Amino acid sequence: MKSLPTLAPVVACLLIVLTFLLMQGAAPDAARHERTLDALRTVILYNAALQRDVLRARAGLLRSYDPLVRSIENLNKATRTLPAARDVASGEARADIDRRIAEVIAAVRDEETLVEAFKSDNALLQNSLNYFNYMSGRLTTEGDGLRAVEIGALMVAMSRFISDPQPEAARAVTASLDRLARPSVDAVSASDVRSLVSHGRLIVSRLPAVDDLVSRLQTAPTSERARALQDLYLDVHGRAAARAARFQTLLYVAALVLVGYVAYLFARLRHNARILRERLEFEGLIASISTQFINLPRDRIRAGISKGLARLVEHAGLDGAQIFVSRTYDADLSGGYFYRRPSGSATARLPNDLIELASRWTLADHERQDCIDVPRVGELPEGREKACLQAHQIRSWLCIPMWHAGERLGFLALDGVTHEKHWTDDDIALLRTAAEIFANAIARQHNEREREALQARLNQSQRLEAIGTLAGGIAHEFNNILSAVLGYSEMALVVLLKESRARRYVQQIMKAGRRAQDVTEQILAFSRRRERQHHALRVQPVIAEAVDLLRASFPATLAVETNLAATDAAMTGDPTELQQVVMNLGTNAAQAMNSRGVLEIALDMTEIVEAQALSHGNLPAGRYIRLAVWDTGSGMDQATLERIFEPFFTTKPAGHGTGLGLSTVHGIVAAHRGAVDVKSQLGQGTTFEIYFPQIEPASAQADEGEGEATEVPVEYGNGETILVVDDDTPLMQLAEEMLAALGYEPVGFNRSPAALNAFSADPGRFDLVLTDEVMPDMTGVELSGKLHEIRSDLPIVLMTGYGRTLRSRQLTAAGISEVIKKPLLSASVAQCLARHLHSG
């Protein structure tokens, strides 16, 4: 294809030259030449015949003028053929031939005019001669003596005049005719004499004119002009034939040159066809290598790449090929790929010095298409490149970078040890395609491994999410039970004697209920359904306080070492929950070390440039606070590591743990938009790294002191009417008794529609509404919204034991003044009601 711009003009010029030679080498048409010569001979021949027949007609030897007519017709026919003679000439010669042809045609036309005149005059003359001879003979025989003598004298004079029509002879004939024309006594022959005299006078007048026409016809230049045209034509034709012969010789030479050039093109085409065939085979090999990776399982990609390298080496006649990849993919590739022919070098893989050489190549003269191309190592300048390649006995070297998604994955190196190898640009382009195929296969192998790991983490997250949902529902139902237990226990304590045995029993029930409440709090923290009050805080003091608590609770055999360097680190969160994370992780580590060893706790700040997938969560790019907890305990296997955040999962013996410590940590971290990375090996301890999003320290200072609650003294009601709505009838009855004990007038409903109807009938009756959130017919928020539409100044308190966080905008729209948690205790209920009823 590259020679096409040069070949096309050469072929065009050659075609033009051949066309010119072919046109110039065309010999004159032989048939046309013969027709032209025949026409010239016809003109000459029939002109002679015409002159002969004119003489015969003058002598009266022709019976008709048909021969003259035929001669004229043949002459005209021949002259119509003569213009073909001009085709053999050009330029001045053509003009000469045209002039000569015009002269011949003009001569023939002149002869035709003379013949027409001759035929008319000669016909009259011959008729008068015949009558004169006939009448003079008869009158001579029948006339008298004097008349006979005069007629005889006339006949003698006429005979002399006819043989030589000179003026003297004409005067003699005229004189005889005048004498004969005198009146005669013989009236019988007078008319015959007059006729004879008339014809005689006609002969005298016509004979010179006819002889003049005959003379002009005999001297006509037609034959001479035809011969001159013939000579000129033959000369021009000869020159044209000679010129055609010369150009035919040149055409023959050009044909020989063309044959040679065609032979050269044929050889070139065969050479190009061989190169194209080899290129097609190479392209087919690349396509085949690419095809073999389609739908290839991950565990067979390594073998497929090795097979592809072997096919490349065998096809190109090389001695070896290697692939080295960056450290990111070392876990998949174990050092890369290689293939060596049995006759090649003994090197089993791409040496490190060659890898370093490819990464730091400095000879720009040997870079082609972003590849390192060294066809002859011996021609390299002295330096580390030449020394390194010769150390491995490499004579030719081609190193192709492998790219994937804009990142250099590694190198594909092809070397020749037994012989040198010269690569064309097309071959290098195809090898770059092969390198891209290998890079895609290696990247797919790595990505599939990462995808499997991510899928495992996703399954773990989904399992934890499902367990969290289940745990949240259980905690809600358990809160309802605890509400009844703690509420009635609290009311029982009011009526029991302080020193009674029953009071001690109820106090134990209250104590156990509070412990159960702590369990539900942990469950709700794991399921992320507990309401949290997050604000900006400095992390280091919170962690330091939790570490002090841990030190106080650990035995002397367990050392706690800290490195809390991030003194200015700030985040948005709940300090109590943050301390709970440290306490749970520290307690779990102490149990793993059997209270003997070293526990290290560190706090620092880090910046994540690219998103990362941790063992338990994904971490977007950004600035983070990292809390790390190391222990020297027994460690965990992979199966245990996958389940550590499941609630109620524990490796401790029965009675030594609930399995909620780490699940609570996971719930708290997830609620703070963080992530957990756990690394552990059996016998080598465990590392927990907790990442929390970082904020500016100024925000924490501005928010310092927030979250401190103001204690409201317990106050009793003054008979205010409270609308109580709860679908759990025992809890609704408990709330009524509790409110009645606090001095309020409760009106309870276990159905939301019934409560709405009662309120709609008399909105001014009620001073406050206390409603549960989760109800079947209408949720507490929906009911509150309808009540707020009827009476906007009505205080509404929402009870919830589900732990679901409600948006402040949603609460404001429904007219909800406050949200309190179940289980309800008299003190918390009294304080809440006092804030909304007795604030005035």
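Me: What makes Q369 stand out in the hairpin of β3 and β4?
Reply: In this predicted model, Q369 has a positive phi near 55°. The hairpin places two residues between its strands.

Me: How do you know that β3 and β4 are paired?
Reply: Pairing requires at least two bridges, and β3 and β4 have two bridges, in the antiparallel sense. R368 stands opposite C371 of β4.

Me: What about the other partner, β5: how many bridges join β4 to β5?
Reply: Three bridges join β4, residues 371-374, to β5, residues 396-404. I372 stands opposite C399 in β5.

Me: In what order do the strands of this sheet lie?
Reply: The six strands of the open sheet follow the order β2-β1-β6-β5-β4-β3, with antiparallel pairing.

Me: Why are β2 and β3 called edge strands?
Reply: β2 (337-340) and β3 (367-368) each have a single partner strand, so one side of each has no neighbour in the sheet.

Me: Which residues of β4 point which way?
Reply: C371 and D373 point one way, and I372 and V374 point the other way. In a regular strand, side chains alternate between the two faces of the sheet. C371, D373, I372 and V374 are all buried.

Me: Why is C371 called buried?
Reply: Its relative accessibility is 1%. The cut-off for buried is under 20%, so C371 counts as buried.

Me: Why does C388 get the label buried at 12% relative accessibility?
Reply: The value of 12% is also under 20%, so C388 counts as buried.

Me: How many disulfides does a search of the whole structure find?
Reply: The search finds zero disulfides. For C371, the nearest cysteine sulfur is that of C399, at 8.2 Å. A disulfide needs the two sulfur atoms within 2.5 Å, so C371 is in no disulfide.

Me: Which strands does helix α9 lie across?
Reply: Helix α9, residues 301-316, lies across β1 (320-325), β2 and β6 (407-416). Helix α9 runs at about 35° to β2.

Me: Why is α8 called roughly antiparallel to α9?
Reply: The axes of α8 (residues 222-292) and α9 cross at roughly 175° and come within 10 Å. Angles over 145 degrees count as roughly antiparallel, so α8 is roughly antiparallel to α9.

Me: Which residues make the contact of α8 with α9?
Reply: On α8 they are E278, E281, F282, L285, I286, S288, I289 and Q292. On α9 they are G304, K307, G308, R311, L312 and H315. By class, the contact has five nonpolar, five polar and four charged residues.

Me: What makes β13 a paired strand, and which strands are its partners?
Reply: β10 (residues 597-608) pairs with β13 (residues 622-631) over ten bridges, and β13 pairs with β15 (residues 686-693) over eight bridges. β10 and β13 are antiparallel, and so are β13 and β15. L603 stands opposite L627 in β13, and D631 stands opposite T686 in β15.

Me: How many helices and strands does the protein chain have, and what share is buried?
Reply: The protein chain has 24 helices and 20 strands. Of its 840 residues, 43% count as buried. Among contacts between residues at least 6 apart in sequence, 73% join residues at least 24 apart.

Key: Residues are numbered from 1 along each chain as its sequence is written. This is a predicted model: local features need pLDDT of at least 70, side-chain atom pairs count only at pLDDT 80 or more; totals for chains, interfaces and linings use all residues. Side-chain values use heavy atoms; hydrogens and water are left out. Helices (H or I, at least four residues) and strands (E, at least two) are DSSP runs, numbered from the N terminus. Contact means heavy atoms within 4.5 Å. Axes are lines fitted to C-alpha atoms, for helices over the stretch in contact, and angles run from 0 to 180 degrees between N-to-C directions. Buried means under 20% relative accessible area, exposed over 50%, partly exposed in between (1.4 Å probe, protein chains only). Angles under 35 degrees count as roughly parallel, over 145 as roughly antiparallel, 65 to 115 as roughly perpendicular and the rest as oblique. Ala, Val, Leu, Ile, Met, Phe, Trp, Tyr, Cys and Pro count as nonpolar, Asp, Glu, Lys and Arg as charged, and the others, Gly among them, as polar.
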